[in-house]
Amino acid sequence: MKKKGKKIIGTGNKQSLRLMRICHIASEASPVAKVGGLADVTVALSRALIRQGHEVSLILPKYAALRTEGLKNLTLRKRGNTFFFDRQIYRFDIWSACLHEVKIFFIDPVSPYALFDRPEIYGYPDDYYRFAFFSAAALRFTSEHLPLTDIIHIHDWHTSLIAPIFREYYRDLLSCSIVLTIHNLSYQGKAPADILEWSDLNPEKYFRNEALKDSAEKNKVNLLKGGIIFSDAVTNVSTKYAEEIQFRENGKGLEKIILKNKKKLFGILNGIDDEIWNPKKDPALPEPYDIFSLSKKGVVKNALRKRLHMPLTNVPLVACICRLVPQKGPRMIQKAIEATLEMGGQFIFFGSGPIPRIQESFNKLKKKLADNPNVIFIFESYNEPLAHLIYAGADMFIIPSIFEPCGLTQLIALRYGTVPIARKTGGLANTVFDPNEAPPGKANGFTFTLPTSKEVKKVLKRAFVIRKEQPELWKQLMITGMSEDLGWNRSVLHYVKIYESLYTASGEARISSSS
Ligand code: ADP
């Protein structure tokens with residue numbers, strides 16, 4: 001069987017580059033629907049694939065909370081599609097738009113339930129239902145409107161259900177392969193077993209024989225586990241995290257399944273979108289700068305301090321931007337704030353969290369430090385221009401994560417010459433290198449290993465001392481970070497290689513099954 005409309009270039013060359021049609025199906029895309037790094041990755045990876053010549057589309061739910069300013073030509077493409085889900089007929093509309101150069105489709109269920117007509121993206125009791133519907137409907141949309149798709153790329157638990165549904169119903173309809181990226185293994189989608197019936201998956205086959213059954217909560221379906229088993233390739237977002245999740249501490253109950261599927265598991269480091277994160281032409285900054293005009297970073301720092309009503313002095317300015325969840329080491333962040341102030345520095349914390357207990361402890365600290373003009377807390381879950389200004393204006397950026405699949409904030413900080421101070425775990429260990437360990441020319445920040453307040457204080461102190469007493473080394477750390485290739489150029493080629501191998505394998509399988 002030969003696939004229609006395939007383009008092949010560079011014939012005669014064994015490593016000919018095939019132009020593929022790739023469809024990402026995900027719950028986030030920056031900036032229109034962003035909660036964390038997943039949003040950055042779906043868009044930046046799509047753009048990088050397009051630069052490689054591939055055709056890429058992205059399918060998302062049409063959240064009421066979409067930030068539509070980033071979208072061009074948002075139009076209702078098809079009203080009143082019908083789809084059978086949870087034993088009833090759902091009607092949904094399809095919208096389309098362009099996000100940069102990426103074609104993006106939105107699925108908008110309108111009846112019987114408008115599942116995405118809510119103020120937030122996540123956090124509702126029926127989240128499993130919402131994303132099960134989205135997964136099934138997005139797959140249906142792909143088969144009807146993008147039938148030549150070569151690769152369906154799904155992300156995290158929210159769209160993992162696509163893998164078993166594809167195996168069950170679409171394998172003969174669509175000749176494509178499924179790639180799953182795990183951005184964070186701690187969110188697995190442990191859903192009620194009813195999800196199988198909603199999605200028309202036979203419980204006998206998919207639950208009772210353990211395939212989708214969660215290993216700890218036996219009455220639940222583990223969506224990410226299903227994604228791992230039924231996808232053709234599984235990637236995660238750094239080589240170090242790919243190793244870590246094979247063991248109990250970071251495998252979070254899936255380590256055995258991961259080991260069993262090791263052959264199709266690949267760790268590929270995320271990049272950042274170097275068009276969007278570029279101090280040379282960032283519209284959010286009062287002055288552009290690069291490695292040849294580092295003094296202008298001081299102008300940005302003062303603009304940031306003025307904006308936040310902080311004293312204009314020459315002390316180090318430390319920043320932290322993150323979601324306040326246990327993964328990010330909230331206690332260590334608090335210690336970093338106190339230690340910075342004790343050592344005479346300034347601190348900006350920017351972010352907020354879904355966990356009331358953690359948010360409350362930060363509220364308390366803010367109250368306690370209310371009279372200190374050298375510390376600013378901004379509890380806002382999303383403000384992109386302010387985030388840019390903070391990344392650029394700070395001297396140091398702290399990321400004391402307990403675990404970190406990749407982490408984008410250290411990459412962004414490096415790009416802006418803001419020296420990262422990171423715990424040596426996951427993607428942080430792959431990207432931040434300490435002068436105590438790395439050769440000159442490779443060191444770009446500071447690292448520590450033990451997740452304790454004492455270690456945080458120690459590493460901050462070391463950074464403060466070097467900034468003051470070894471300004472040349474400090475400048476070198478900044479320049480090394482700013483000169484690194486932190487974009488997608490390298491990593492996108494790893495994805496292409498995986499896509500190509502699946503494309504070739506599925507082509508061969510198709511040919512042999514039809515001959
Ligand atoms: P995670 O996905 O675990 O939250 P990452 O480091 O992978 O962590 O990605 C976080 C992304 O979210 C970065 O792009 C960071 O700049 C962004 N971000 C976090 N908090 C905010 C905020 N309050 N405003 C704007 N962007 C934010």
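Since the model is predicted, local features need a pLDDT of at least 70 and side-chain atom pairs count only at pLDDT 80 or more, while totals for chains, interfaces and linings use all residues. Residues are numbered from 1 along each chain as its sequence is written, and side-chain values use heavy atoms, with hydrogens and water left out.

Let's start with the ligand. There are 19 residues around it, and Gly37, Arg323, Lys328, Glu380 and Tyr391 come nearest (a residue is near a molecule if one of its heavy atoms lies within 4 Å of it). Sorted by class, this shell has 7 nonpolar, 7 polar and 5 charged residues. In that sorting, Ala, Val, Leu, Ile, Met, Phe, Trp, Tyr, Cys and Pro count as nonpolar, Asp, Glu, Lys and Arg as charged, and the others, Gly among them, as polar.

Some of these neighbours make polar contacts, meaning pairs of N or O atoms within 3.5 Å. Gly37 uses a backbone N or O atom, which sits 2.6 Å from a ligand oxygen atom. Glu380 also brings a backbone N or O atom, this one 2.9 Å from a nitrogen atom of the ligand. With Tyr391, a polar side-chain atom lies 2.6 Å from an oxygen atom of the ligand. Overall, the protein covers 92% of the 570 Å² of accessible area that the ligand has on its own (areas come from the Shrake-Rupley method with a 1.4 Å probe). Helix H1 (37-51), helix H13 (384-393) and helix H14 (409-415) are the elements that give two or more residues to the shell; helices (H or I, at least four residues) and strands (E, at least two) are DSSP runs, numbered from the N terminus.

Next come the salt bridges. Side chains of opposite charge can pair when their charged atoms come close. Here a salt bridge is a side-chain nitrogen of Lys or Arg within 4 Å of a carboxyl oxygen of Asp or Glu, and the count comes to 23. In one of them, Glu384 meets Lys34, with the closest N and O atoms 3.7 Å apart. Glu384 belongs to helix H13 and Lys34 to the loop between strand E3 (21-25) and H1, so this pair ties together parts that are 350 residues apart in sequence. Both ends are buried (under 20% relative accessible area; exposed is over 50%, partly exposed in between, with a 1.4 Å probe and protein chains only): Glu384 has 17% and Lys34 has 15%.

Glu404 and Lys328 form another salt bridge, at 3.0 Å from N to O, and both residues are buried. Salt bridges that share partners also join Lys34, Asp40 and Glu384 into one network.

The pair of Arg79 and Asp93 has its closest N and O atoms 3.9 Å apart. Arg79 is in strand E5 (residues 71-85) and Asp93 in strand E6 (residues 88-99), so the bridge links parts that are 14 residues apart in sequence. Arg79 is exposed, at 62% relative accessibility, whereas Asp93 is buried at 7%.

Finally, there is strand E3. In E3, 5 of the 5 residues are buried, so the strand is largely enclosed by the rest of the structure. In a regular strand the side chains alternate between the two faces of the sheet. Arg21, Cys23 and Ile25 point one way from E3, and Ile22 and His24 point the other way. E3 runs parallel to strand E4 (residues 55-61), and 5 bridges join them (two strands pair if DSSP finds at least two bridges between them). Within this pairing, Cys23 has Ser57 of E4 as its bridge partner.

Key:
A polar contact is a pair of N or O atoms within 3.5 Å; within protein, one must be able to donate a hydrogen and the other to accept it, and residues adjacent in sequence count only if both atoms are side-chain atoms.
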